[in-house]
Amino acid sequence: MDLKDKIVVITGGTKGLGKAMAFCFLKNGSKVVVCSQEGNRPENLEEEILWIKANVTKENEMKDLAEKVIRKFEKIDIWINNAGISMGHMPIEEIDSVFAHEVMEVNFFGTFFGSRSVMKHMKKQKFGTIINIISSRAFDPSPVSAVYSSSKWAVRGFTDLLRNILGKENISVIGIYPAGMRTNFYGKDEPTNYKNYMDPNDVAEKIIDNLKKETPEEELIIKE
Ligand SMILES: NC(=O)c1ccc[n+]([C@@H]2O[C@H](COP(=O)([O-])OP(=O)(O)OC[C@H]3O[C@@H](n4cnc5c(N)ncnc54)[C@H](OP(=O)(O)O)[C@@H]3O)[C@@H](O)[C@H]2O)c1
């Protein structure tokens, strides 16, 4: 796909991998919209990027986001469900159940609401690509991140299902499965081998290179 003038929406595009992808799309001539739940536009965001406040766990805010982009640009070429949160590493018995719900809300329902909000527009325009940022944990669950791994397993299942349904509508659905990246994702709970994790800019380049292929991989595992 030629990315020039493509309209790209990235949830959680203000930090980490989302921000790195936003920058990569800009370099390729795309028009980029990002959302985050923060109160104000982050200061360090490139000025060409349109920022809209929207929380992925609120379906009405996802619908509004898609509608605002359609009103401004009249189409959405690529929608990336990227926003996600981690839980730190702990055994199942020690998991805080309120936080466990929050992880499912952001990681699974955020992707579900985002996809549902953009599908309607993509079906109408009869083209589009939805990219879900999942995790290698969807294939290789960790006993010390049970809820996070399960949330990504759920997103993986949903992504496969969505691909089957939307393929008939000329809408591609791509699942991205990165291993660990050096972002703010872990907060103070940096894993012991954090310094060996991937640079999110390199991962973003791989995601964008895949999209530029004539036939992009539908399931892209990025380990190094
Ligand atoms: N880092 C890793 O090792 C790793 C590995 C595999 C997969 N992933 C996945 O990659 C994706 C990006 O993670 P990252 O490492 O780049 O994390 P990050 O640096 O913590 O960035 C997360 C982004 O998501 C946004 N966000 C969080 N909750 C949100 C909500 N409810 N509504 C809207 N935006 C929200 C954040 O904005 P606010 O500041 O407004 O919250 C931020 O822009 C996630 O899906 C994650 O599961 C990460």
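I began with G12: one of its backbone N or O atoms sits 3.2 Å from an oxygen atom of the ligand. Keep in mind that this is a predicted model, and that goes for every distance I jot down here.

For L17 I went back to the backbone, where a polar atom lies 2.8 Å from an oxygen atom of the ligand.

Then I asked myself which residues come nearest to the ligand. I found K15, N82, Y148, T183 and Y186, out of 28 residues around the ligand.

L17 turned up again when I moved on to helix packing, in the contact of α1 with α5. Helix α1 covers residues 16-27 and α5 covers residues 200-212; their axes come within 8 Å and cross at roughly 50 degrees. That angle is why I have them down as oblique to each other. I noted the crossing as right-handed. On the α1 side I listed G16, L17, A20, M21, C24, F25 and K27, and they meet P200, N201, V203, A204, E205, I207, I208 and L211 in α5. Sorted by class, that contact has eleven nonpolar, two polar and two charged residues.

Y148, from my ligand list, also shows up in the contact between α3 and α4. I looked up the geometry: α3 (residues 97-125) and α4 (residues 146-166) have axes that come within 8 Å and cross at roughly 15 degrees. The two helices are therefore roughly parallel to each other. The handedness of this crossing is right-handed. From α3 I wrote down A100, V103, M104, N107, F108, T111, F112, S115, M119 and K123; their partners in α4 are V147, Y148, S151, K152, A154, V155, F158, L162 and L166.

Last entry: what does α3 do with α2? Helix α2 (residues 59-73) packs on α3 at about 30 degrees, and I have the axes 7 Å apart. I put this crossing down as right-handed. The residues of α2 involved are E59, M62, K63, A66, E67 and I70, while α3 brings F113, G114, R116, S117, K120, H121 and Q125. By class I get four nonpolar, four polar and five charged residues for the contact of α2 with α3.

Methods
Residues numbered from 1 in each chain as written. Predicted model: local features only at pLDDT ≥ 70, side-chain atom pairs only at ≥ 80, totals over all residues. Heavy atoms only, no water. Axes fitted to C-alpha atoms, helices over the stretch in contact; angles between N-to-C directions. Helix = DSSP H or I, 4+ residues; strand = E, 2+ residues; numbered from the N terminus. Parallel < 35°, antiparallel > 145°, perpendicular 65-115°, else oblique. Left-handed = near helix turned anticlockwise from the far one by under 90°. Contact = heavy atoms within 4.5 Å. Near = heavy atom within 4 Å. Polar contact = N/O pair within 3.5 Å; in protein donor to acceptor, adjacent residues only side chain to side chain. Nonpolar A, V, L, I, M, F, W, Y, C, P; charged D, E, K, R; others polar.
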